[in-house]
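User: I would like a close look at one part of this model, the salt bridges and the places around them. Could you walk me through what you find there?

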Amino acid sequence: MKSPISTSSAIREPTITLTSVSAIHSTGEKKNNNNLTYISILMLTFLGFLMIFIFMILIMNKKLTPLTALVLVPVLIAIVAGFGPDLGKMMKEGVKEIALTGVMLIFAILYFSLMIDTGLFEPLVNAILKAVGDNPVKTTIGTAILTTLVSLDGDGSSTYIIVVAAMLPLYKRQGMNPLVLTCIIMLAGGIMNILPWGGPTARVMSSLKLGHTEIFVPMIPVMLIGLAWVFLVAYILGVKERKRINKHGKYTRYNPQDIIGEADPALRRPKLIIINLLLTIVLLSVMILDIIPLGIAFMIAFCIASVINYPKLKDQQKIISKHAGNALSVAGMIFGAGIFTGILNGTGIMQAMGNSIINIIPQSWGGYLNIITAVFSVPLTFFLTNDAYYFGILPVITATGHQLGISPDVLGRASLVGQASHLLSPLVPSTYLLVSLAGVEFSDHLKFTLKWAIGSSIVMLLGALILHII
């Protein structure tokens with residue numbers, strides 16, 4: 001299947017010129033414009049996959065931190081490719097697009113860390129602990145249930161903070177590996193991310209000019225099948241942890257920089273628990289109703305909570321100092337991801353990668369475009385941002401589907417199958433928040449979770465085919 005190159009208002013027009021890929025043309029021989037474009041796109045595609053490959057190798061082998069790899073790898077490759085003069089503008093645009101997310105995460109970490117210090121989550125933790133006892137299997141299944149319920153708000157960042165704050169103390173008390181926690185949270189979050197207010201489904205509906213009845217409602221049975229898989233994985237991981245603890249003892253290598261950290265009894269405020277709960281409920285209500293930008297809401301809530309719980313200036317400073325490292329670590333990676341995606345977008349690499357993957361599909365496979373779309377949605381949503389895929393690539397796929405008699409709603413639903421693995425992508429800012437909260441390395445989380453996430457996509461694909469959803 002050969003599709004024309006498509007551009008979208010959500011993606012900047014790639015500036016593909018001879019100087020941008022000067023390494024391709026060392027001679028003065030004139031080429032046909034189509035050949036130039038084709039070769040340029042191939043070069044950009046190669047650079048894109050090379051960039052991501054080098055990044056993954058460096059962090060998987062722990063040669064660089066995610067922050068340094070996110071910044072240095074795309075910068076060096078862009079300079080070598082001849083994009084040096086435009087590099088500053090690209091990075092600036094990328095950071096601008098991610099700025100509010102970075103602000104939100106900084107103050108979200110500070111706010112919920114403060115609430116943990118005051119003891120707000122202790123009753124919830126004790127209630128869950130009473131329900132699950134000293135049973136890793138019940139703990140992992142409880143993690144899946146809690147993540148599913150909290151994810152109903154559609155915001156991944158708040159889900160990660162709330163679930164990690166509630167469940168990590170249980171994992172520590174039982175000596176369970178925190179990678180199990182991050183794995184289950186991400187699996188359940190990936191399924192729930194398909195909710196219309198979660199992001200991807202809204203992009204599909206907007207891109208294809210369709211409603212939730214055509215895209216989301218038919219996907220509900222597929223989501224239920226995906227959640228059944230998540231609970232099965234939670235059970236399997238719980239059994240494995242129970243066996244490992246019985247054989248080798250409890251896990252003890254916890255990171256003191258995780259969101260729970262070292263408890264300080266002097267910071268507890270048991271008499272203010274009702275006030276803190278009401279403040280948190282108001283904050284979450286503001287978030288759900290989208291009254292003001294979420295970053296601003298967390299900023300205001302943190303300042304109010306600081307004054308209420310710690311009227312003395314030295315106590316307020318102590319709270320900020322205690323959690324500043326965690327907040328800065330996450331924010332640094334978020335802004336690093338902004339530079340990474342800014343360069344991918346600004347150079348046209350992201351658009352070229354998507355179109356090149358589409359163009360490798362033989363025309364004879366056109367009748368299976370629905371299945372191909374579902375299968376390719378896994379790598380495409382992993383290597384591209386949701387905006388790039390749903391606004392730049394999906395319209396090309398649906399235009400081809402129109403010629404083959406495959407309706408847009410079918411292809412739109414098929415494109416959502418890859419969301420089960422999307423949250424593992426290094427281009428998703430909230431992923432860095434999750435691993436930082438739990439005190440685990442991004443590379444370890446990726447290696448531990450990847451096979452289960454791919455399993456989620458396979459299960460959802462089979463469910464959608466059996467139920468004739470796609």
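Analyst: Happy to. Let me start with Asp258, which is buried at a relative accessible area of 4%. This is a predicted model, so please read each value below as computed from predicted coordinates.

The side chain of Asp258 meets that of Lys172 in a salt bridge, with 3.0 Å from N to O. This pair links distant parts of the chain: Asp258 sits in the loop between helix H10 (220–248) and helix H11 (273–289), while Lys172 belongs to helix H6 (residues 156–174), 86 residues apart. Lys172 is partly exposed, because its relative accessible area is 25% and the buried class ends under 20%. As a general point, side chains of opposite charge can pair when their charged atoms come close.

Helix H6 also holds Ala165. With 2% relative accessibility, Ala165 counts as buried. Setting aside neighbours within four places in sequence, Ala165 is in contact with Ile116, Phe121, Val125 and Ile260.

Another joins Lys96 to Glu93, where the closest N and O atoms are 3.7 Å apart. That distance passes because the cut-off is within 4 Å. Lys96 and Glu93 are three residues apart in helix H3 (residues 87–118), so about one helical turn separates them. Glu93 counts as partly exposed, at 25% relative accessibility.

A further salt bridge is formed by Arg413 and Asp409, whose closest N and O atoms are 3.1 Å apart. Here the two residues are four apart in helix H17 (residues 408–414), and again about one helical turn lies between them. Arg413 counts as buried at 8% relative accessibility.

One more place to look at is Ser421, in helix H18 (residues 419–422). Ser421 counts as buried because its relative accessibility is 3%. A polar atom of the Ser421 side chain lies 3.1 Å from the backbone oxygen of Ala453. Not counting residues up to four places away in sequence, Ser421 touches Val378, Phe382, Ala453, Ile454 and Ser457.

Technical notes
Residues are numbered from 1 along each chain as its sequence is written. This is a predicted model: local features need pLDDT of at least 70, side-chain atom pairs count only at pLDDT 80 or more; totals for chains, interfaces and linings use all residues. Side-chain values use heavy atoms; hydrogens and water are left out. Buried means under 20% relative accessible area, exposed over 50%, partly exposed in between (1.4 Å probe, protein chains only). A polar contact is a pair of N or O atoms within 3.5 Å; within protein, one must be able to donate a hydrogen and the other to accept it, and residues adjacent in sequence count only if both atoms are side-chain atoms. Contact means heavy atoms within 4.5 Å.
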